[in-house]
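Where in a folded chain is empty space left, and which parts of the chain surround it? Rolling a probe the size of a water molecule over the atoms shows where such empty space is left. Please keep the model below in view while reading.

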Amino acid sequence: MTEPVTGRCFCGSIRFRFNQPPVAKRACWCRDCQYLAAGNASINLIFPLASRELEGEVRDYVSLSDGGNTMRRSFCPHCGTPLFSASSSRPEMVVVRAGALDDRELGRPDGFIWTASAPSWGLTDTDVPSCPNQPPPIAAR
């Protein structure tokens, strides 16, 4: 078994743990993620939801994504740290914001998505795959 992936919000009111490795690691340039990441791409790890252990209570914001899915974005109600996202199209998966990880080195993206929405100065790594919009769904391992 691999080491668990752990993290927390800025104030420490919420802690989480995943006992499985992520199924994907992506940088997302959709407009919604740019809002969440202060104008940059949002760096996200995708895990099976069933592998998450959560301490503390998150607050949710529900909206419609650029891809047309209902998104539930979870954050700490005390400090506002963006933590998780879940899509109606993939309810068995959860997206974790890399900035909340205890080991941020785990957040190096394997790909970039929604690059068509990136500003002209937006950076991508040309050594990894990129997609101009929403890629096909990822299956849990």
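**The lining of the largest cavity**

Strand β9 gives four residues to the lining of the largest cavity, which is the largest share. The model is a predicted one, and with that in mind the chain has a mean pLDDT of 91, with 97% of its residues at 70 or more. Among the elements of the chain, strand β2, residues 15-18, has the highest mean pLDDT, 98, while α1 has the lowest, 90.

The count of cavities of 30 Å³ or more comes to one, and the space in the largest cavity is about 410 Å³. Its lining is made up of 26 residues, and those that lie nearest the centre are Met71, Arg90, Val95, Ile113 and Gln134. Two or more lining residues come from each of the elements β3 (24-28), α1 (31-36), β4 (42-48), β7 (70-75), β8 (82-87) and β9 (93-97). Divided by class, the lining of the largest cavity holds twelve nonpolar residues, eight polar ones and six charged ones.

The strands named there can next be placed in their sheet. Seven strands form an open sheet with mixed pairing, and their order is β6-β7-β8-β9-β4-β3-β10. At the edges stand β6 (59-64) and β10 (111-113), each of which pairs on one side only, and from one strand to the next the twist averages 30°.

Strands β3 and β10 run parallel and are joined by three bridges, with arginine 26 standing opposite glycine 111 in β10. On the next step, β3 pairs with β4 in the antiparallel sense over five bridges, and here alanine 24 stands opposite isoleucine 46 in β4. Strand β4 in turn pairs with β9, again in the antiparallel sense and over five bridges, where leucine 45 has valine 96 of β9 as its bridge partner. Of the seven residues of β4, six are buried, so that this strand is mostly covered.

By class, the lining of the largest pocket divides into six nonpolar residues, three polar ones and one charged one.

Two details of the backbone remain. Most residues other than glycine have a negative phi, and against that background two residues deserve a separate look. Alanine 38, which lies in the loop between α1 and β4, has a positive phi near 55° although this residue is not a glycine. Tryptophan 114, in the segment after β10, likewise has a positive phi, near 55°, in a residue other than glycine.

Technical notes
Residues numbered from 1 in each chain as written. Predicted model: local features only at pLDDT ≥ 70, side-chain atom pairs only at ≥ 80, totals over all residues. Heavy atoms only, no water. 1 Å grid on protein atoms, 1.4 Å probe; cavity = no way out; pocket = protein on both sides within 12 Å on 5 of 7 lines; lining within 4 Å. Points joined across faces, edges and corners; volume = space filled by probe spheres on them. Nonpolar A, V, L, I, M, F, W, Y, C, P; charged D, E, K, R; others polar. pLDDT = per-residue confidence, 0-100. Pairing = 2+ DSSP bridges. Axes fitted to C-alpha atoms, helices over the stretch in contact; angles between N-to-C directions. Buried < 20%, exposed > 50% of the residue type's maximum accessible area, 1.4 Å probe, protein only.
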